[in-house]
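Here's a short tour of one structure, looking at a pair of helices and some aromatic rings. Take a look at it first.

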Amino acid sequence: FSLSGITITLTTTTKMTMVNNRNNNAAINSTTETMLLQKVATADKTSSSTAAGGRKMLDSNFQPGKYDVICGKGKACFNHEGNKYFRSMIEEYLSIYSKSKSKLAKSNIVSTIIDRIRNKSPNGGFIKNDTTTGLWHEVGNHLAREKVGQTMRDGLHTNYRSSSKSKKKMRQIEQAKANTTMKTISNNNSEISSKIVDLHSKSTSKMSDQQLENMFTNANIEILDELNRLQKHRQQQQQFHFTTTPFLLQPPPPPFFNIPYPQQRYSY
(Lines give C-alpha, C1' and ligand atoms only; values in the text may rest on other atoms or scores of the structure.)
Protein backbone atom coordinates (compact mmCIF):
# COMPACT_ATOMS: atom_id res chain seq x y z
CA PHE A 1 0.00 0.00 0.00
CA SER A 2 1.59 3.30 -1.08
CA LEU A 3 0.47 6.89 -1.56
CA SER A 4 2.21 7.11 -4.95
CA GLY A 5 0.16 4.17 -6.26
CA ILE A 6 -3.10 5.78 -5.07
CA THR A 7 -2.10 9.10 -6.71
CA ILE A 8 -1.35 7.42 -10.06
CA THR A 9 -4.66 5.50 -9.92
CA LEU A 10 -6.67 8.63 -9.15
CA THR A 11 -4.90 10.60 -11.89
CA THR A 12 -5.54 7.88 -14.47
CA THR A 13 -9.21 7.64 -13.47
CA THR A 14 -9.63 11.41 -13.68
CA LYS A 15 -8.08 11.49 -17.19
CA MET A 16 -10.33 8.68 -18.39
CA THR A 17 -13.39 10.48 -17.02
CA MET A 18 -12.39 13.73 -18.76
CA VAL A 19 -11.81 11.92 -22.08
CA ASN A 20 -15.18 10.15 -21.85
CA ASN A 21 -16.96 13.41 -21.05
CA ARG A 22 -15.25 15.14 -23.98
CA ASN A 23 -16.23 12.33 -26.37
CA ASN A 24 -19.80 12.39 -25.10
CA ASN A 25 -20.01 16.17 -25.58
CA ALA A 26 -18.62 15.86 -29.12
CA ALA A 27 -21.18 13.17 -29.94
CA ILE A 28 -24.00 15.32 -28.52
CA ASN A 29 -22.84 18.36 -30.51
CA SER A 30 -22.60 16.29 -33.69
CA THR A 31 -26.09 14.85 -33.15
CA THR A 32 -27.51 18.30 -32.43
CA GLU A 33 -25.92 19.74 -35.56
CA THR A 34 -27.31 16.88 -37.67
CA MET A 35 -30.81 17.41 -36.25
CA LEU A 36 -30.67 21.17 -36.93
CA LEU A 37 -29.48 20.59 -40.51
CA GLN A 38 -32.37 18.15 -41.04
CA LYS A 39 -34.81 20.78 -39.76
CA VAL A 40 -33.36 23.35 -42.17
CA ALA A 41 -33.69 20.93 -45.10
CA THR A 42 -37.28 20.06 -44.09
CA ALA A 43 -38.16 23.76 -43.84
CA ASP A 44 -36.68 24.38 -47.27
CA LYS A 45 -38.75 21.62 -48.88
CA THR A 46 -41.91 22.75 -47.11
CA SER A 47 -41.53 26.40 -48.06
CA SER A 48 -40.54 25.63 -51.64
CA SER A 49 -43.69 23.55 -52.19
CA THR A 50 -46.20 26.19 -51.09
CA ALA A 51 -47.24 26.94 -54.67
CA ALA A 52 -47.79 24.97 -57.85
CA GLY A 53 -44.51 23.41 -59.06
CA GLY A 54 -42.72 24.53 -55.85
CA ARG A 55 -42.94 28.23 -56.84
CA LYS A 56 -44.59 31.29 -55.34
CA MET A 57 -46.23 33.22 -58.14
CA LEU A 58 -45.89 37.02 -58.04
CA ASP A 59 -48.30 39.68 -59.30
CA SER A 60 -48.79 39.90 -63.03
CA ASN A 61 -47.48 43.50 -63.03
CA PHE A 62 -44.39 42.64 -60.98
CA GLN A 63 -41.05 44.02 -62.18
CA PRO A 64 -37.65 43.19 -60.61
CA GLY A 65 -36.48 45.83 -58.16
CA LYS A 66 -33.04 46.97 -57.11
CA TYR A 67 -32.84 44.35 -54.32
CA ASP A 68 -34.30 41.39 -56.24
CA VAL A 69 -31.91 38.61 -57.25
CA ILE A 70 -32.72 37.21 -60.69
CA CYS A 71 -31.87 33.49 -60.91
CA GLY A 72 -30.72 32.77 -64.44
CA LYS A 73 -27.90 33.04 -66.94
CA GLY A 74 -26.78 35.80 -69.26
CA LYS A 75 -25.63 39.40 -69.07
CA ALA A 76 -29.10 40.72 -68.25
CA CYS A 77 -29.19 38.74 -65.00
CA PHE A 78 -25.54 39.37 -64.16
CA ASN A 79 -25.78 43.14 -64.69
CA HIS A 80 -29.10 43.56 -62.87
CA GLU A 81 -28.84 46.00 -59.95
CA GLY A 82 -30.17 43.46 -57.46
CA ASN A 83 -27.66 40.83 -58.53
CA LYS A 84 -24.81 43.34 -58.09
CA TYR A 85 -26.09 44.11 -54.59
CA PHE A 86 -26.30 40.36 -53.91
CA ARG A 87 -22.67 39.81 -54.95
CA SER A 88 -21.50 42.67 -52.75
CA MET A 89 -23.33 41.03 -49.83
CA ILE A 90 -21.62 37.73 -50.63
CA GLU A 91 -18.25 39.50 -50.41
CA GLU A 92 -19.08 40.54 -46.84
CA TYR A 93 -19.48 36.92 -45.73
CA LEU A 94 -16.74 35.24 -47.77
CA SER A 95 -14.10 35.39 -45.04
CA ILE A 96 -16.44 34.11 -42.31
CA TYR A 97 -17.82 31.41 -44.61
CA SER A 98 -14.36 30.13 -45.58
CA LYS A 99 -13.27 29.94 -41.92
CA SER A 100 -16.41 28.10 -40.76
CA LYS A 101 -15.60 24.51 -39.82
CA SER A 102 -19.09 23.00 -39.48
CA LYS A 103 -21.93 22.61 -41.95
CA LEU A 104 -24.32 24.20 -39.47
CA ALA A 105 -22.28 27.41 -39.29
CA LYS A 106 -22.18 27.65 -43.11
CA SER A 107 -25.90 26.89 -43.29
CA ASN A 108 -26.61 29.73 -40.86
CA ILE A 109 -24.61 32.15 -43.02
CA VAL A 110 -26.61 31.12 -46.11
CA SER A 111 -29.87 31.61 -44.20
CA THR A 112 -28.75 35.06 -43.03
CA ILE A 113 -28.03 36.18 -46.60
CA ILE A 114 -31.41 34.90 -47.84
CA ASP A 115 -33.24 36.66 -45.00
CA ARG A 116 -31.44 39.95 -45.70
CA ILE A 117 -32.37 39.83 -49.40
CA ARG A 118 -36.01 39.03 -48.66
CA ASN A 119 -36.23 41.74 -46.00
CA LYS A 120 -34.95 44.25 -48.54
CA SER A 121 -37.54 43.11 -51.09
CA PRO A 122 -40.53 41.55 -49.25
CA ASN A 123 -42.57 41.21 -52.48
CA GLY A 124 -39.73 39.59 -54.42
CA GLY A 125 -36.41 38.17 -53.28
CA PHE A 126 -34.89 35.38 -55.33
CA ILE A 127 -36.97 35.47 -58.49
CA LYS A 128 -37.13 33.85 -61.90
CA ASN A 129 -39.04 34.56 -65.07
CA ASP A 130 -41.23 31.98 -66.79
CA THR A 131 -40.37 32.25 -70.48
CA THR A 132 -43.69 30.61 -71.45
CA THR A 133 -46.06 32.97 -69.58
CA GLY A 134 -43.71 35.92 -69.05
CA LEU A 135 -44.65 36.00 -65.34
CA TRP A 136 -42.28 36.19 -62.40
CA HIS A 137 -42.15 33.81 -59.42
CA GLU A 138 -40.16 33.42 -56.21
CA VAL A 139 -38.00 30.30 -56.44
CA GLY A 140 -38.31 29.18 -52.79
CA ASN A 141 -35.74 28.36 -50.12
CA HIS A 142 -34.26 25.30 -51.80
CA LEU A 143 -33.20 27.04 -55.03
CA ALA A 144 -32.33 30.23 -53.13
CA ARG A 145 -29.86 28.30 -50.97
CA GLU A 146 -28.36 26.70 -54.08
CA LYS A 147 -27.94 30.16 -55.60
CA VAL A 148 -26.17 31.50 -52.50
CA GLY A 149 -23.96 28.40 -52.18
CA GLN A 150 -22.91 28.52 -55.84
CA THR A 151 -22.09 32.23 -55.63
CA MET A 152 -20.06 31.55 -52.47
CA ARG A 153 -18.06 28.83 -54.23
CA ASP A 154 -17.44 31.10 -57.23
CA GLY A 155 -16.19 33.80 -54.88
CA LEU A 156 -13.84 31.36 -53.18
CA HIS A 157 -12.55 29.81 -56.42
CA THR A 158 -8.96 30.21 -55.23
CA ASN A 159 -9.71 27.99 -52.23
CA TYR A 160 -12.15 25.56 -53.86
CA ARG A 161 -10.36 23.48 -56.53
CA SER A 162 -13.72 22.27 -57.77
CA SER A 163 -14.46 25.72 -59.17
CA SER A 164 -14.94 25.72 -62.93
CA LYS A 165 -12.90 28.91 -63.33
CA SER A 166 -9.95 27.43 -61.44
CA LYS A 167 -10.09 24.20 -63.47
CA LYS A 168 -10.24 26.11 -66.74
CA LYS A 169 -7.24 28.23 -65.78
CA MET A 170 -5.23 25.17 -64.74
CA ARG A 171 -6.04 23.42 -68.03
CA GLN A 172 -4.87 26.46 -69.98
CA ILE A 173 -1.57 26.57 -68.04
CA GLU A 174 -0.98 22.83 -68.51
CA GLN A 175 -1.79 23.05 -72.22
CA ALA A 176 0.62 25.97 -72.66
CA LYS A 177 3.39 24.00 -70.90
CA ALA A 178 2.71 20.95 -73.07
CA ASN A 179 2.81 23.05 -76.24
CA THR A 180 6.09 24.67 -75.20
CA THR A 181 7.65 21.31 -74.33
CA MET A 182 6.55 19.74 -77.62
CA LYS A 183 7.83 22.73 -79.58
CA THR A 184 11.21 22.53 -77.86
CA ILE A 185 11.47 18.79 -78.52
CA SER A 186 10.54 19.12 -82.18
CA ASN A 187 12.98 22.01 -82.73
CA ASN A 188 15.86 20.11 -81.12
CA ASN A 189 15.18 16.81 -82.86
CA SER A 190 15.34 16.60 -86.64
CA GLU A 191 13.57 13.23 -86.76
CA ILE A 192 10.46 14.48 -84.96
CA SER A 193 10.50 17.79 -86.83
CA SER A 194 10.62 16.01 -90.21
CA LYS A 195 7.76 13.69 -89.21
CA ILE A 196 5.56 16.67 -88.27
CA VAL A 197 6.37 18.47 -91.54
CA ASP A 198 5.70 15.29 -93.50
CA LEU A 199 2.39 14.83 -91.70
CA HIS A 200 1.21 18.33 -92.63
CA SER A 201 2.25 17.88 -96.27
CA LYS A 202 0.43 14.56 -96.67
CA SER A 203 -2.85 15.57 -95.02
CA THR A 204 -5.33 16.89 -97.59
CA SER A 205 -9.02 17.68 -97.63
CA LYS A 206 -9.64 14.80 -100.05
CA MET A 207 -8.69 12.20 -97.44
CA SER A 208 -11.43 10.44 -95.51
CA ASP A 209 -11.74 10.66 -91.74
CA GLN A 210 -10.51 7.09 -91.36
CA GLN A 211 -7.43 7.77 -93.50
CA LEU A 212 -6.59 10.87 -91.48
CA GLU A 213 -7.05 8.99 -88.22
CA ASN A 214 -4.77 6.17 -89.36
CA MET A 215 -2.12 8.60 -90.58
CA PHE A 216 -2.11 10.59 -87.33
CA THR A 217 -2.06 7.39 -85.26
CA ASN A 218 0.99 6.06 -87.12
CA ALA A 219 2.75 9.42 -86.80
CA ASN A 220 2.09 9.51 -83.05
CA ILE A 221 3.48 5.98 -82.65
CA GLU A 222 6.65 6.92 -84.54
CA ILE A 223 7.10 10.10 -82.47
CA LEU A 224 6.60 8.18 -79.22
CA ASP A 225 9.16 5.58 -80.32
CA GLU A 226 11.64 8.37 -81.02
CA LEU A 227 10.96 9.97 -77.63
CA ASN A 228 11.48 6.63 -75.88
CA ARG A 229 14.77 6.17 -77.74
CA LEU A 230 15.92 9.63 -76.67
CA GLN A 231 14.94 8.95 -73.06
CA LYS A 232 16.90 5.68 -72.97
CA HIS A 233 19.91 7.39 -74.53
CA ARG A 234 19.72 10.17 -71.94
CA GLN A 235 19.51 7.65 -69.10
CA GLN A 236 22.55 5.79 -70.42
CA GLN A 237 24.50 9.05 -70.59
CA GLN A 238 23.52 9.93 -67.03
CA GLN A 239 24.54 6.47 -65.81
CA PHE A 240 27.89 6.69 -67.61
CA HIS A 241 28.47 10.17 -66.19
CA PHE A 242 27.60 8.94 -62.69
CA THR A 243 30.04 6.00 -62.86
CA THR A 244 32.98 7.90 -64.37
CA THR A 245 32.72 11.33 -62.76
CA PRO A 246 33.78 10.34 -59.20
CA PHE A 247 37.06 8.90 -60.51
CA LEU A 248 37.75 11.81 -62.86
CA LEU A 249 36.93 14.53 -60.36
CA GLN A 250 38.36 12.85 -57.29
CA PRO A 251 40.85 15.27 -55.69
CA PRO A 252 44.40 14.06 -55.05
CA PRO A 253 45.16 12.85 -51.53
CA PRO A 254 46.62 15.46 -49.19
CA PRO A 255 50.40 15.40 -48.72
CA PHE A 256 51.70 13.48 -45.78
CA PHE A 257 54.10 15.34 -43.55
CA ASN A 258 56.21 13.27 -41.21
CA ILE A 259 56.46 15.59 -38.24
CA PRO A 260 58.46 14.05 -35.40
CA TYR A 261 57.11 14.26 -31.91
CA PRO A 262 59.04 16.59 -29.61
CA GLN A 263 61.49 14.74 -27.44
CA GLN A 264 60.84 14.97 -23.74
CA ARG A 265 63.71 15.90 -21.58
CA TYR A 266 63.94 14.28 -18.25
CA SER A 267 66.01 15.59 -15.39
CA TYR A 268 67.64 13.07 -13.14
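## Before we start

A residue counts as buried at under 20% relative accessible area, exposed at over 50%, and partly exposed in between (1.4 Å probe, protein chains only). This is a predicted model, where local features need pLDDT of at least 70 and side-chain atom pairs count only at pLDDT 80 or more, while totals for chains, interfaces and linings use all residues. Residues are numbered from 1 along each chain as its sequence is written, and side-chain values use heavy atoms, leaving out hydrogens and water.

## Ring pairs

Searching the whole structure turns up two aromatic pairs (ring centres within 6.5 Å; planes under 30 degrees apart are stacked, over 60 edge-to-face, the rest tilted). Tyr-67 and Tyr-85 sit edge-to-face, 5.0 Å centre to centre with 75° between the planes. Tyr-67 is in the loop between strands S1 and S2, and Tyr-85 is in helix H3, 18 residues apart. Tyr-67 is partly exposed at 24% relative accessible area, and Tyr-85 is partly exposed at 22%.

Phe-86 and Phe-126 are also edge-to-face, with centres 5.7 Å apart and planes at 90°. This pair links helix H3 to strand S3, 40 residues apart.

## Two helices

Helix H4 (residues 103–120) packs against helix H5 (residues 141–155) at about 110°, with axes 10 Å apart. That makes the two roughly perpendicular (the label for 65 to 115 degrees; under 35 is roughly parallel, over 145 roughly antiparallel, and the rest oblique).

Notes: Axes are lines fitted to C-alpha atoms, for helices over the stretch in contact, and angles run from 0 to 180 degrees between N-to-C directions. Helices (H or I, at least four residues) and strands (E, at least two) are DSSP runs, numbered from the N terminus. Rings of Phe, Tyr and Trp (its six-membered ring) pair if their centres lie within 6.5 Å; planes under 30 degrees apart count as stacked, over 60 as edge-to-face and the rest as tilted.
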